[in-house]
Amino acid sequence: MSEKFRCILVTKGDAGPTAALSEFSEADLMEGDVTVAVSHSTLNYKDGLAITGAAPVVRKFPLIAGIDFAGKVVSSGDARFKPGDGVVCNGWGMGETHHGGYATRARVKGEWLVPLPSAFVAADAMAIGTAGYTSMLSVMALEDAGLTPAKGPVLVTGAAGGVGSVAIALLSKLGYRVIAATGRVSEEAYLKALGASEIIDRAELNTDVRPLAKERWAGAVDSVGSKTLANVLSATQYGGVVAACGLAQGMDLPSSVAPFILRGVTLAGVESVHCPRPRRLKAWERLAKDLDLTKLRATVTKAKLADVLTLAPQILKGQVRGRVVVDVQA
Ligand code: NDP
């Protein structure tokens with residue numbers, strides 16, 4: 001008989017999708033050439049949407065939730081991985097159309113896996129998780145567009161959230177002067193410890209949008225979208241670049257072409273789920289080199305598998321600070 005393991009399963013009933021702690025049989029996992037003993041997962045904004053059903057993230061039922069995991073290979077038909085290897089997996093439809101990381105077992109394509117960088121233990125990889133890896137992709141997008149610390153300060157919106165916290169730590173280590181925009185000004189000490197030089201109230205970026213405003217930053221990492229992103233663009237200095245990766249405020253973008261055609265501003269889109277493997281490997285290499293582990297660990301709240309069910313609505317309300325590491329065995 002196939003072994004059963006613990007997981008958070010999303011099922012669809014008459015009242016819509018529901019997530020609950022459950023058991024699943026290893027024989028029922030989807031196709032893949034690598035089976036992994038998962039030790040840790042995390043909580044990203046998208047997991048919050050999936051668990052609460054606030055957006056149709058889960059598109060196959062029943063499905064194990066969780067868009068990422070870290071663990072050790074149990075068996076592998078992929079020559080790149082052997083039993084015992086530490087691995088990380090983000091995106092690729094996990095927790096959306098493929099069974100995800102809120103489980104003690106996962107089976108995925110070897111192509112989706114990244115070797116766990118030697119700088120990290122599995123819990124660190126999930127302290128980074130999809131949010132932190134997206135912060136790295138955002139910083140790489142700024143660099144690709146020519147941003148350097150000498151060009152001026154960089155704004156990080158959604159600063160006390162997951163993407164924001166890791167972006168601040170990365171940018172400050174790379175020598176940038178970081179301005180953090182937050183609705184939680186009470187978190188000033190936390191944000192400054194991560195490396196922010198200046199804190200602004202996010203309300204400043206939620207005003208009516210003017211096509212151009214006073215130039216305030218050379219670059220930005222925005223995980224908020226909507227009016228905030230529009231105001232960020234209007235205040236980006238000549239030749240600057242903004243990496244857009246999120247929609248915590250909304251999916252709309254009530255902007256104009258003025259920042260692009262009058263200031264040569266670049267708006268760089270960041271997508272983590274289907275990011276090609278070479279760039280993904282590069283991002284994890286860069287995280288191992290450019291992320292201060294002490295700062296990363298300071299962002300972490302530890303959770304058990306069942307805690308995900310109560311934390312999910314909280315992340316959607318912007319009430320989770322930094323990163324959550326889920327010990328799936330607990
Ligand atoms: P978090 O909830 O941890 O962080 C989001 C932060 O945004 C909050 O902590 C809060 O920061 C701020 N915020 C929330 N609501 C509002 C609002 N109404 N107006 C302004 N600011 C707000 O989420 P994550 O960091 O995990 O993800 C952030 C975003 O990035 C999400 O939209 C997520 O879907 C997206 N994302 C996209 C990826 C991609 O591939 N493009 C990958 C990963 C994430 P504060 O309290 O400091 O103001």
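Mentor: Let us begin with contact, which means heavy atoms within 4.5 Å. The model is a predicted one. With neighbours within four places in sequence left aside, Gly-250 is in contact with Val-224, Gly-225 and Ser-226.

Trainee: Where is Gly-250 found, and why is Gly-250 called buried?

Mentor: Gly-250 is in the loop between E13 and H6. Buried means under 20% relative accessible area; the value for Gly-250 is 16%, and therefore the residue is buried. The C-alpha atoms of Gly-250 and Gly-66 are separated by 22 Å, and the two residues are 184 apart along the chain.

Trainee: What makes Leu-253 count as partly exposed?

Mentor: Leu-253 also belongs to the loop between strand E13 (236-244) and H6. Leu-253 has 38% relative accessibility, so the term applies. Helix H6 (residues 258-263) gives three residues, the largest share of the patch.

Trainee: What is noted about the phi of Ser-226?

Mentor: Ser-226 lies in helix H5, and its phi is positive, about 55°, although Ser-226 is not a glycine. Most residues other than glycine have a negative phi. Ser-226 is also buried, because its relative accessible area is 7% and the limit is under 20%.

Trainee: Which value of phi does Trp-92 have, and why is Trp-92 called buried?

Mentor: Phi of Trp-92 is near 60°, a positive value in a residue other than glycine. Trp-92 is in the loop between strand E6 (86-90) and strand E7 (105-108). Its relative accessibility is 18%, so Trp-92 counts as buried.

Trainee: How do you know that the side chain of Thr-42 makes a polar contact with the side chain of Arg-323?

Mentor: A polar contact requires N or O atoms within 3.5 Å, and this pair is at 2.8 Å. The side chain of Thr-42 also reaches the backbone oxygen of Met-126 at 3.3 Å. Thr-42 is in strand E3 (residues 34-42) and is buried, because its relative accessible area is 0%.

Trainee: Which residues come nearest to the ligand?

Mentor: Of the 25 residues around the ligand, the nearest are Thr-182, Gly-183, Arg-184, Cys-245 and Ser-272. H2 gives the largest share of this shell, three residues. A backbone N or O atom of Gly-183 is 2.7 Å from a ligand oxygen atom. The ligand exposes 920 Å² when taken alone, and the protein buries 88% of that.

Terms used: Residues numbered from 1 in each chain as written. Predicted model: local features only at pLDDT ≥ 70, side-chain atom pairs only at ≥ 80, totals over all residues. Heavy atoms only, no water. Helix = DSSP H or I, 4+ residues; strand = E, 2+ residues; numbered from the N terminus. Buried < 20%, exposed > 50% of the residue type's maximum accessible area, 1.4 Å probe, protein only. Polar contact = N/O pair within 3.5 Å; in protein donor to acceptor, adjacent residues only side chain to side chain. Near = heavy atom within 4 Å. Areas by Shrake-Rupley, 256 points an atom, 1.4 Å probe, with all protein chains shown as cover.
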